[in-house]
Amino acid sequence: MVKVYFDHNSTTVLKPKVLEAMMPYLTNQHGNPASQHRYGRNAHEAIEQARRQVAAVVGAQANQVIFTASGTEANNFAITGIASNLDQEQILTSKIEHPCVSNPAKAMQARGNWQANSIAVDSDCQLDTQDLEAKLEAPTDLVSVMLANNETGAIQDIETVVALAKAKKVFVHTDAVQALGKIDVDFIALGVHAMTISSHKIGGPLGAGALVLNKRVDIQPLLYGGGQEKGLRSGTENTAAIVGFGVACELAMLGLNDFASHTASLRATLEVSLKELNAVVFGQQATRLPNTSFFAFENIEGETLVTALDKLGFAVASGSACSSASGEPSHVLLAMGIEEDLARGAIRVSFNQENTQEQVSGFLVALKQALYDLRQMTAVAA
Amino acid sequence: MAYSDKVLDHYENPRNVGSLDKNDPNVGTGMVGAPACGDVMKLMIKVDGTGLIEDAKFKTYGCGSAIASSSLVTEWLKGKTVDEAYKIKNSAIAEELALPPVKIHCSVLAEDAIKAAVADIREKQAATKEAK
Amino acid sequence: MDRMPIYLDYSATTPVDQRVAEKMIPYLTEQYGNPASRSHPYGWTAEKAVENAREEVAKLVNADPREIVWTSGATESNNLAIKGAANFYSDKGKHIITLATEHKAVIDPVRELERQGFTATFLEPNDDGLVDIEAFKAAIRPDTVLASVMFVNNEIGVIQDIEAIGNICRENGVIFHVDAAQATGKVEIDLASLPVDLMAFSAHKTYGPKGIGALYVRRKPRIRIEAQVHGGGHERGMRSGTLAPHQIVGMGEAFRIARLEMEEENARIRTLHDRLLNGLKNIEETYVNGDLKKRVPHNLNISFNYVEGESLIMAIKGIAVSSGSACTSASLEPSYVLRALGRTDELAHSSIRFSIGRFTTESDVDYTISLLAEKIEKLRELSPLWEMFQDGIDISKVEWDEH
């Protein structure tokens, strides 16, 4: 059976043009970019081209882009790298961050005198800026708030975060992994000091990410060695993945408006029906990414519903992909004050531009079927 | 590193490679640089009775730019007076060969080689005069 | 565009074997999925492929698949092993031993640990590039916590006696890490018998893709490391980050091919190595760097006296080789590895690393020999040092005007 894929916030399908651009670097263009001969120079030039493409999509300069192996690595690099060069003070992250932002902050607390503290959000998954302001009273190294949440899609008020932090001369990092390609992301306009982006969320391959960094920020490397990326990220560059990331960025920029309007209309269709089915849609009052809908039904376990939908031909997620193996309710929903039982019911649908209204209609039929079956079973059990 | 066409030309077809008789009183030798630094230039000039440089030869251990710089100056030196030769500036060499910043030292070395060769010939001529 | 040069730089990176590329491509197209998303079959397929690949990597080095942790490459593996073990066991001592000839991906993390309060001994090997076992023993102190020695050197190809060094580490309770990036597929590695605790691997030096590597972490006796990248808790908490199935599958296939074909391939490469060496030996004043017996045949590092390195590289554009390590060749510094072997700056500067691999042919080697012979002669005609040498002048006794 051909599956319908509605889990694009987890990872995306590689775009054919991206694969085409990568292929030479997986085959005959195999040089090490550090080598001085032609094989090396060709690889080096391909990476610099990709750097310009990545910079362009986020309105940054090419020399502000540091390639990493993933968004996870870029987030770790930002948090530990920036804090390491400062006095050991507070590191603030929001309660809805991905673990690859919150865990490095906790690791810094374990390593030295840093204090990892988190900023609250409201019931619609929007940052509590008053809480941020209060916490900024303590000496702080760094604030990290994601641009858009991966589960609810809620877009955060980075402008206010930057204004509050800058008043205290505190650095700001934002994890823009989920936002890229879905809404306009402008490094300069946001005013942040560091920003994480990732390739595989925008139709690029796994294996490439980047930290976009303001040159005034003194950062300590995570990986030491051959001195690649101006000494900030050692390790032979993954040329094919970086080239793919570059092309994916270019395509994302060109397709941004279509992506937004198309996925927003799919979601509107979905959520009208969800309301009829008495679903709770999380973060619905917030400004959200256009493609994301995160919802739950009373007394229906999310994991079970995802499995049932899967059997009916639809791939969706329960909670965030990284923690979906753990069985714990989403930390994002708990931060929003959602009851644990309801939180356990959460499933996430995330569209891309290839999805269609027909698929959404088909999904709604399957959803009703699955809900009916599950309720029957629960009734029998009771 | 991308070399200019002129560097490549001199490197592929170096002009005036070789040595002159160092014991000839009309031959001045300049040897500059050091192996440990990655370049050594030996420049020899032969001066005729009227004070004009009639021949110039070089040998260079060094990178492409060093070879090209020394090859170029042997061309420039021929037909010049010793005083004119002494006035050749490294910037002229660097400009002619379009040397990148990291290779400017090659042109400096070539200028030093000219000065050393000229100093040598002047010393030799002074000694000859004294002997007379 | 004119023809690409003949590739003799397999130690910098290898081409992806076509069989490897064919295995990878399905994971770039139809079988996409996030391996941590267990809830739908896209994820399951990828997860199974990842575990198969882990088994293949383990098999090549005779380890348990559960001892293999994926990383983004050997640099990350080395950083994770060195910083991870040193930090985890720092209460046992804060002294580290490594070699002056290690790759930067080992030296630089050790230097970083020095900044954090550790002390380090950078052992100089013998002139043949091999570790003096007695000197290693003598370097161990009561507070030595970790030693890191590479299996095969990237610049000169010498093979260290890992078993002997490992035994000394065991006797002294020192954790032993080995950078094996240049060793896989070239030498037998049996981790069931080798006294090694941690070992770093790279895919792109063994005909796999760039951007993927692995770290072996021994289970019995169990070695612990502090994670360096935190997040979703992948790889049993030792290394977080979404895995790239296509790259992992590529590494698995590359290591599988290496296991099946290394014996035959190494015999063929040895023949090419000997042919190249015999051809280049005929050129006067050449010096092979590194021991001639305890080396992998894939590498031949030779210094050509009285010829300057950069002009030599320029002269032999028909072949793609490396002068010094690929990672540092952008700088004008002479190779620190050759310096540590006691080579003069001049000889270090004029060294060429020829590295032979799976797709090198006899005619490639013959072309290389004739090219080198012709160009060295031409450059020596140009070289005042060669002239002095021919005149019997000892260049080391000349007073140079160092600038």
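Contact here means heavy atoms within 4.5 Å. This is a predicted model, in which local features need pLDDT of at least 70, side-chain atom pairs count only at pLDDT 80 or more, and totals for chains, interfaces and linings use all residues. Residues are numbered from 1 along each chain as its sequence is written, chains are lettered from A and ligands numbered from 1 in the order in which they are written, and side-chain values use heavy atoms, with hydrogens and water left out.

**Exercise 1. Chain pairs**

Task: State which pair of chains has the most contacts, and how far apart the closest C-alpha atoms of chain A and chain B lie.

Solution. 
Step 1. Two pairs of chains touch, and chains A and C have the most contacts of these.
Step 2. Chain A and chain B are joined by no contact; their closest C-alpha atoms are 8 Å apart.
Step 3. For the model, ipTM is 0.92 and pTM is 0.92.

**Exercise 2. The interface of chains A and C**

Task: Describe the interface of chain A and chain C by residues in contact, buried area and polar contacts.

Solution. 
Step 1. Chain A brings 57 residues into contact with 62 residues of chain C.
Step 2. Buried area is the accessible area (1.4 Å probe) that two parts lose on being put together, summed over both. Between chain A and chain C this comes to about 4,800 Å², with 59% from carbon and sulfur atoms. On the side of chain A, the residues that lose the most area to chain C are H30(A), R38(A) and Y224(A), together 14% of what that side buries.
Step 3. A salt bridge is a side-chain nitrogen of Lys or Arg within 4 Å of a carboxyl oxygen of Asp or Glu. The count between chain A and chain C is zero.
Step 4. A polar contact is a pair of N or O atoms within 3.5 Å; within protein, one must be able to donate a hydrogen and the other to accept it, and residues adjacent in sequence count only if both atoms are side-chain atoms. Helices (H or I, at least four residues) and strands (E, at least two) are DSSP runs, numbered from the N terminus. Elements that each supply at least two residues of the side of chain A that touches chain C include α1 (16-26), α2 (38-57) and α3 (71-84). α4(A) gives the most, with five residues.
Step 5. By class (Ala, Val, Leu, Ile, Met, Phe, Trp, Tyr, Cys and Pro count as nonpolar, Asp, Glu, Lys and Arg as charged, and the others, Gly among them, as polar), the side of chain A that touches chain C has 25 nonpolar, 24 polar and eight charged residues.

**Exercise 3. The interface of chains B and C**

Task: Give the area buried between chain B and chain C, and name the partner of K103(B) in a salt bridge.

Solution. 
Step 1. In this interface, 27 residues of chain B are in contact with 23 residues of chain C.
Step 2. The buried area is about 2,300 Å², and carbon and sulfur atoms give 65% of it. Of the area that chain B buries against chain C, 29% is supplied by Y11(B), P35(B) and Y61(B), more than by any other three residues.
Step 3. Chain B and chain C have three salt bridges between them. In one of them, K103(B) meets E310(C) at 2.9 Å, N to O.
Step 4. On the side of chain B that touches chain C, β3(B) gives the most, with four residues. That side has 16 nonpolar, six polar and five charged residues.

**Exercise 4. Two domains of chain A**

Task: Find the distance between the centres of the two domains of chain A, and the area that they bury between them.

Solution. 
Step 1. Chain A is divided into domain 1 (4-12 + 256-381) and domain 2 (16-253), with bounds from an automatic or database domain assignment.
Step 2. Taken over C-alpha atoms, the centres of domain 1 and domain 2 of chain A are 28 Å apart. Domain 1 of chain A puts 28 residues into the contact and domain 2 of chain A puts in 31.
Step 3. The two domains of chain A bury about 2,400 Å² between them, 56% of it on carbon and sulfur atoms. L256(A), L289(A) and M336(A) supply 26% of the area that domain 1 of chain A buries against domain 2 of chain A, more than any other three residues.
Step 4. Between these domains of chain A there are zero salt bridges, and 16 residue pairs are in polar contact, both at pLDDT 80 or more.

**Exercise 5. Confidence in chain C**

Task: State the mean pLDDT of chain C, and where pLDDT stays under 50.

Solution. 
Step 1. pLDDT is the predictor's confidence in each residue, from 0 to 100. Chain C has a mean pLDDT of 91, and 93% of its residues reach 70 or more.
Step 2. Over residues 34-38 of chain C, pLDDT stays under 50, and the model has 24 contacts beyond four places in sequence for them. Residues 325-331 of chain C also have pLDDT below 50.
Step 3. Where pLDDT is low, the predicted coordinates should not be read in detail.
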